[in-house]
Amino acid sequence: MGYNVRGQVSEARSRLLATATRIFYAEGLHSVGIDRVVAEAKVTRATLYRHFKSKDELVVAYLRSVAGMERDQVEQARTAGGTAADVLRAVAGSIAAGISSAGFRGCAFLNAAAEYPDPAHPVLRTVLDHREWFLRTVTDLFAQLDERSAASAGRHFVMLRDGAMAAGCLTDATEVGETFRAGVEGLLRASAT
């Protein structure tokens, strides 16, 4: 995993992952080579391979890091209190804010899926695992509002999110975020009836 003698993640591993995260997201997974990651992280190739057995393993670690950040955002919304509708609004708000952030380039997971379409590949499996978690999470929240429509509402939320993530780097991000949030409000109204 890349721990030091005190059981902490090593500085070199953290630097490699931070570097890979920055340039993979900005430029794409296939277009960035290992030599570039090594050079920008200021480590040796041997150090990279001590922490990650392959580029694919580094890409999976990058996606798991992004997944962890998204899970943290959902957990923050949950711990802030309020109803399931409040949590769904907070999640939608964090997604809209991400779309409006500087350097936004779409969804890291959708981008990765486009570059790694093989269903058996560990990168696509990581993408699908995260998407399954996200769908299950929003569906569970909708179930607290209306069990009968929860599955449909969860799928709609994810589709709205996917569309917003794609449109957010092509058109006015603020407008996309507002449209996404309005769509979520529509789902919440439908779940409340």
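A: For the charge count, Lys and Arg are taken as positive and Asp and Glu as negative, with His and the chain ends not counted; each charge is placed at NZ of Lys, CZ of Arg, CG of Asp or CD of Glu. On that basis the chain carries 23 positive and 22 negative side chains, and the centres of the two sets lie 6 Å apart. The model is predicted, so local features need pLDDT of at least 70 and side-chain atom pairs count only at pLDDT 80 or more, whereas totals for chains, interfaces and linings use all residues. Residues are numbered from 1 along each chain as its sequence is written, and side-chain values use heavy atoms, with hydrogens and water left out.

The chain has nine helices and zero strands, where helices (H or I, at least four residues) and strands (E, at least two) are DSSP runs numbered from the N terminus. Of its 193 residues, 44% count as buried, that is, under 20% relative accessible area, with exposed meaning over 50% and partly exposed in between (1.4 Å probe, protein chains only).

The largest nonpolar core has 59 residues; such a core is a set of buried Ala, Val, Leu, Ile, Met, Phe, Trp, Tyr and Cys residues joined through side-chain atoms within 4.5 Å. Phe24, Leu58 and Phe157 touch the most other members. Helices that give two or more residues to this core include H1 (11-27), H4 (55-79), H6 (108-115) and H9 (173-192). H4 supplies the largest share, 10 residues. Contact means heavy atoms within 4.5 Å; leaving aside neighbours within four places in sequence, Phe24 is in contact with Leu29, Val32, Val37, Lys55, Leu58, Val59 and Tyr62.

In H6, the buried residues are Ala108, Phe109 and Ala112. These residues lie on the same side of H6 because they cover an arc of only 95° around the axis, the arc being that of the directions from the helix axis to the C-beta atoms. In general, an α-helix has 3.6 residues a turn, so residues three or four places apart point the same way. The cover over the buried residues of H6 includes H1, H4 and H7.

Ser191 is found in helix H9 and is buried, with a relative accessible area of 3%. Not counting residues up to four places away in sequence, Ser191 touches Phe142, Leu145, Asp146, Ser149 and Ala153.
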